[in-house]
Amino acid sequence: MQKPKSPDPAKLSPGDKTVAKPARAKPATVRKPQARRVKIPYSPEEIHEIFRRFSVQRPEPKGELEHVNPFTLVVAVALSAQATDSGVNKATRALFAIADTPEKMLALGEDRVRDLIKTIGLYRNKAKNVIALSRKLVEDFGGEVPRTREELVTLPGVGRKTANVVMSMAFGVPTLAVDTHVFRIGNRLRIAPGKTPDEVEAAFLKIIPDEYLFHAHHWLILHGRYCCKARKPECERCVIADICKSPEKTCDVPAALVELPGQVV
Ligand code: SF4
């Protein structure tokens, strides 16, 4: 049903009282497009300081998944879904010693791959995917791991998160892969809130200063894994405790800002 039209004020006589009620019209602001931006309780200076402190703690952060080339990185990241990095490393040491290229992986075959990774959760499906992605790499990409997200996500078992990790770690493209730790930190600190990993990724990409983007993924993962832990954040050990606006925070005093020793997996 069409909305009734308002009378045109220009056509009404001066004595017509309805002319005196333009206030019934909707305020102009209502017609503005709704900005989807979520207001976060941090100033740009505070965000810069958070990442500066992370950079002092871990000047050269590294991923903890062992790999020897882009292919083994793709396989390791694909195997890491719902598994710990150390659990994946234990299995892939033997696997990659035998098969570090898609051709060798195909030659090894699904049964042997399944056997070698059976300590990892969902190993049956993952073995299928490792063989399928190896086949696709050989058939469609000349045995090379592609460099773009669009191509990477066509590989079986490779989603946006895996593609982002591979682009960043293998090819040096600054991206932000959102895993469980990054997702939790974005929401817990209310610094990059979102209901889905894609929303959190977009929110983080909007605020992370350019000079910190390349390492941000690892800083956030390591901060989540070792300090801002899922069950109970260790705020007394946290270097951003004075800036953090999390309702779960238990301490306001930041830990000493020093470079941490190298990571041990
Ligand atoms: S202060 Fe606590 S809640 Fe905030 S980032 Fe640090 S560990 Fe996490």
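Reader: Why is Thr72 called buried?
Author: A residue is buried if 20 or more other C-beta atoms lie within 10 Å of its own, exposed if 12 or fewer, and partly exposed in between, with C-beta atoms placed from the backbone. Thr72 has 21 other C-beta atoms within 10 Å, and is therefore buried. This is a predicted model, in which local features need pLDDT of at least 70, side-chain atom pairs count only at pLDDT 80 or more, and totals for chains, interfaces and linings use all residues. Residues are numbered from 1 along each chain as its sequence is written.

Reader: Which residues does Thr72 touch, not counting residues up to four places away in sequence?
Author: Thr72 touches His67, Phe96 and Asp100. Two residues are in contact if their C-beta atoms, placed from the backbone, lie within 7 Å. The C-alpha atoms of Thr72 and Asp100 are separated by 6.0 Å, although these residues stand 28 residues apart along the chain.

Reader: In which helix does Thr72 lie, and what makes a run of residues a helix?
Author: Thr72 lies in helix α2. Helices (H or I, at least four residues) and strands (E, at least two) are DSSP runs, numbered from the N terminus. By this rule the protein has eleven helices and zero strands.

Reader: How is the packing of α2 and α3 described?
Author: Two packed helices are described by the angle between their axes and the distance between the axes. Axes are lines fitted to C-alpha atoms, for helices over the stretch in contact, and angles run from 0 to 180 degrees between N-to-C directions. For α2 and helix α3 (residues 85-98), the angle is about 145° and the axes are 11 Å apart. Thr72, Ala76 and Leu79 of α2 make the contact with Val88, Thr92 and Phe96 of α3. These residues divide into four nonpolar, two polar and no charged. Here Ala, Val, Leu, Ile, Met, Phe, Trp, Tyr, Cys and Pro count as nonpolar, Asp, Glu, Lys and Arg as charged, and the others, Gly among them, as polar.

Reader: At what angle does α2 pack with α8, and which residues make the contact?
Author: Helix α2 (residues 70-79) and helix α8 (residues 160-171) pack at about 145°, with their axes 10 Å apart. The contact involves Pro70, Leu73, Val74, Val77 and Ala78 of α2, together with Thr162, Val165, Val166, Met169 and Ala170 of α8. By class, nine are nonpolar, one is polar and none is charged.

Reader: Why is Gln82 called exposed?
Author: Gln82 has 10 C-beta neighbours inside 10 Å, and therefore counts as exposed. Its place is in the loop between α2 and α3. Gln82 also has a positive phi of about 50°, although it is not a glycine.

Reader: What makes Leu122 partly exposed?
Author: Leu122 counts as partly exposed because it has 13 C-beta neighbours inside 10 Å. Leu122 lies in the loop between α5 (110-116) and α6 (123-141). Its phi is near 60°, a positive value in a residue other than glycine.

Reader: What share of the protein is buried?
Author: Buried residues make up 32% of the 265 residues.

Reader: How many residues surround the ligand, and which are the closest?
Author: The ligand is surrounded by 14 residues, the closest being Cys228, Pro233, Cys235, Cys238 and Cys244. A residue is near a molecule if its C-beta atom, placed from the backbone, lies within 6 Å of it. By class, the shell has nine nonpolar, one polar and four charged residues.
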